[in-house]
Amino acid sequence: MSNEKKALEGIKQSSGTEQGEYGIDEFVSHHLDELPPSYWEKHVGTSKPANEQVIGLLILRSKWEDQEVYDFTLPDDVTDYVVSVSFDEDGLIEDISMES
C-alpha cells in the first residue's frame, strides 16, 4: 500500500478520536460551516453531508519533497486548508493535523 493510501486510511481512522479532534474533525466541521450547500450538493448529492462523505472527497494537494508528508484538501480550490499527514522513518503515521 502506498503512503498516500496509508495517509488517507489514517485520516479516516482518526475521525472521531482524540487525534482527529484537531485534525480531520476540525477540518470537516470548519468546511461544513464555511462552504455553501451547493458545493456539497455538487460533490456528494446532499447539502448536509456526513463526515465520512466529506473525508471521501479529499484529494492529494501536495507531497513535501524532502519528507514523507502528504497534504490533502477538497476539490475545486475552495479552501487554503489542508489535512497534513506525516510519517516517521519506519513508515508509520506520526501526525495528522489541519493546517492553513
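Student: How many bridges join strand 1 (residues 59–63) to strand 2 (residues 69–73)?

Tutor: Quick ground rules: this is a predicted model, where local features need pLDDT of at least 70, side-chain atom pairs count only at pLDDT 80 or more, and totals for chains, interfaces and linings use all residues. Residues are numbered from 1 along each chain as its sequence is written, and side-chain values use heavy atoms, with hydrogens and water left out. Helices (H or I, at least four residues) and strands (E, at least two) are DSSP runs numbered from the N terminus, and two strands pair if DSSP finds at least two bridges between them. Strand 1 and strand 2 run antiparallel, and the number of bridges joining them is four.

Student: Which residue in strand 2 is the bridge partner of L60?

Tutor: Strand 1 and strand 2 make a hairpin, with five residues between them. Look across from L60 into strand 2, and the partner is F72.

Student: What about strand 3 and strand 4: which residue in the turn has a positive phi?

Tutor: Strand 3 (residues 82–87) runs antiparallel to strand 4, with six bridges joining them. V85 has I96 in strand 4 as its bridge partner. This hairpin has five residues between its strands, and the turn residue with a positive phi, about 80°, is G91.

Student: Which residue does D76 meet in a salt bridge?

Tutor: A salt bridge puts a side-chain nitrogen of Lys or Arg within 4 Å of a carboxyl oxygen of Asp or Glu, and the whole structure holds two. The one with D76 has an N to O distance of 2.9 Å, and the other residue is K42.

Student: Why does that pair tie together parts of the chain, and how many residues apart are they in sequence?

Tutor: K42 is exposed (over 50% relative accessible area; buried is under 20%, partly exposed in between; 1.4 Å probe, protein chains only) at 61%, while D76 is partly exposed at 44%. D76 sits in the loop between strand 2 and strand 3 and K42 in helix 4 (residues 37–44), so the parts they tie together are apart in sequence by 34 residues.

Student: Is E94 buried or exposed?

Tutor: E94 is found in strand 4 (residues 93–99). Its relative accessibility is 55%, so E94 counts as exposed.
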